[in-house]
Structure formats: structure tokens, C-alpha cells
Amino acid sequence: MRLNIFIWMILAGCLFSCEKEKLTPSKARNPFAPDPEATDATSKLRRDFYEKTGCFLLFNDTLRHEYKGLNASGEPYYDTELLAMDWDLGAVKSGHTLRFEYLNQEQQQKAYDFLVNDLYDVIKTMPYSILVVNKMELSVEDFYTGERTWVPQTFDMNSRCLAIAIEGLFGDVEPMEFAQDLCCAIIFGSFGGSETNYWEGSEAIEFLNVNIWDYDYPKFWYGVTTLEDLYPYGFIADTNGDNLPTAVQDACAYIKAILFMTDQEFREKYGMYYQVMQKYEIMKPLAEKKAEKLGIKFK
């Protein structure tokens with residue numbers, strides 16, 4: 001009898017404990033969101049941005065750095081979570097190492113204004129989060145020598161974040177023009193492919209192959225002195241000083257024209273140039289489909 005009573009006491013204690021746990025669940029804070037108790041200017045900007053757009057705004061790639069106590073040696077240890085742009089849907093982007101130059105408080109306000117007033121008007125479907133920095137560089141390995149150099153990047157993205165560098169916004173560039181150019185670069189980047197390996201794997205490889213051996217070469221080799229001189233070679237924008245456009249510049253020029261111009265307008269302007277029209281026919285369905293998927297619209 002005493003044994004039965006003892007067992008029932010244990011069971012009652014277990015049930016009470018379970019019920020108590022249900023009444024006081026632990027609730028971890030989303031590391032992408034600012035601390036709801038924070039009153040600093042940066043946290044306020046981030047909260048206001050989320051309320052306006054439904055997108056989390058980040059100004060550095062450390063999502064969480066929380067003090068957890070002392071380890072066995074008496075040294076402090078922390079629970080740290082990074083944005084990890086080198087991961088995407090469980091896969092590692094091999095050799096994908098980025099470094100950032102962050103924004104100061106004044107630049108953060110300008111970035112906020114740009115995102116809300118300009119970029120948000122172009123990207124109709126915002127990503128889960130946006131990381132905004134002043135400069136972003138990617139460590140790139142030379143295909144032949146194996147040496148690594150830091151190459152400036154305008155943007156990078158994975159499944160949970162779009163990272164953008166806005167250094168160019170602090171010059172004489174119009175914010176809306178910057179937003180449009182950024183979106184063109186995002187569309188091109190979403191095609192994939194490796195610049196150091198002749199864009200192998202890019203959805204736009206057929207487009208790029210038309211001028212793959214011309215990109216970034218000196219204009220004087222081709223007798224080019226005016227914008228119109230570029231058209232017979234398949235280029236529609238003069239964007240690279242004394243050289244022909246790079247692959248990225250070339251593709252972005254076509255993407256921008258496709259999103260701005262009607263089919264009739266494009267054909268009336270460039271219809272007489274075989275290579276331009278060849279590249280246009282390849283890029284048009286790619287750019288339109290990708291722009292729709294990303295929620296990018298210029299008009």
C-alpha cells in the first residue's frame with residue numbers, strides 16, 4: 001500500500017512539472033531582429049525598416065555574440081552566430097570568403113533612406129534580410145597561378161540574406177539609378193557561374209560566349225572610338241574606360257535595356273546589328289523570368 005502511494009506521489013510530481021514547463025516555455029529571440037529593448041539609433045533604424053518592409057536590416061554579419069560565462073580555465077566564452085554568406089541551403093560555396101567594411105552611423109541613415117525610398121520601389125518582393133555595408137570584397141583564386149586576391153563586389157546573396165555594398169552611393173550617383181544598376185547586377189549574379197572559369201555553369205553562358213574573348217580588351221584593338229562603334233561588336237554600353245565592357249557590365253547593360261525598353265523600341269534602335277540582336281534574343285527571356293522571380297520591376 002505504501003509503495004502504491006509512493007508511486008502515485010512520483011507520478012503527480014512528474015505531471016505537475018510537465019504542466020509547469022508548458023506554462024513557461026522558453027522563447028529564443030530571432031538573431032536577425034534587433035533587441036526589442038535596445039534604444040540606440042542603429043536598433044531603431046532596424047526596427048523601423050522591418051515595420052515598413054517586413055525585411056530584417058543588418059549592418060554587420062555577426063547575428064549574435066552573447067556572453068555565456070566562464071569555461072573550465074576561468075576564461076569567458078561566448079555564443080556567436082555569423083551570417084555565413086558562404087553557406088546556402090545546406091551547401092558550402094567552396095572558397096567563398098568575403099570581407100566587409102561596415103558603415104558608420106551617418107552612413108547607416110543614408111543606407112536606410114536609400115533602401116526605403118529607392119530600392120524598395122524597385123524590388124517588389126524583399127528578401128528575408130539585407131546586409132548593408134560600405135565595401136565588400138571576395139577572395140578570388142587565380143585559375144592559373146592559384147594565388148588569391150581581393151576583388152570588390154557590389155552584392156552577394158544566399159537563401160536568407162542579400163548583402164549589398166553601397167560605397168558608390170556616397171558619390172554623385174543618383175540613388176534610383178544606383179538601385180536599378182544594383183538590381184541588374186543581382187539578376188546577373190542569380191544566373192550563377194564563375195568569372196575565373198569563363199562563367200562555366202552560368203544560365204547566361206550562351207549570351208556570354210558571343211563575346212567571351214572580347215571582354216575587357218583595349219578598344220583600340222577594335223578601332224572603337226565612339227559608342228556607335230561598339231554596336232557591330234555586340235556591345236550597347238560604353239562602361240569601361242579605354243577597354244571594352246567586362247562580362248558583368250555587358251550583361252547588366254542588356255538586362256537594364258530589356259527591363260526599360262519595349263521589344264519594338266529595342267529592335268528599332270539595334271535591329272541592324274546582328275550580334276546585338278543575337279545576344280538580345282538569348283538574354284530577354286532569361287532576364288524577364290529572373291526579374292519576375294526576384295520581384296524586380298523598373299516600370
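**Ground rules.** I number residues from 1 along each chain as its sequence is written. In this predicted model, local features need pLDDT of at least 70 and side-chain atom pairs count only at pLDDT 80 or more, while totals for chains, interfaces and linings use all residues; side-chain values use heavy atoms, leaving out hydrogens and water.

I looked up the strand order and found an open sheet of four strands, 1-7-11-10, with mixed pairing. Strands here are DSSP runs of E, at least two residues, and helices are runs of H or I, at least four, numbered from the N terminus; two strands pair if DSSP finds at least two bridges between them. Strand 1 (56-58) and strand 10 (155-158) each have a single partner strand, so one side of each lacks a neighbour in the sheet.

Next I checked strand 7 (residues 129-133) and strand 11 (residues 161-165): they run parallel, joined by four bridges. Leu-131 faces Ala-163 of strand 11.

**The helices.** Helix 2 (residues 41-53) packs on the sheet and touches strand 1 and strand 7, contact being heavy atoms within 4.5 Å. Its direction makes about 150° with that of strand 1; angles run from 0 to 180 degrees between N-to-C directions, with axes fitted to C-alpha atoms, for helices over the stretch in contact. Helix 3 (residues 105-122) lies across strands 1, 7 and 11, at about 130° to strand 7.

My last stop was Leu-70, in strand 2 (residues 62-70). Leu-70 counts as exposed because its relative accessibility is 53%, and exposed means over 50% relative accessible area (1.4 Å probe, protein chains only).

Technical notes: Buried < 20%, exposed > 50% of the residue type's maximum accessible area, 1.4 Å probe, protein only.
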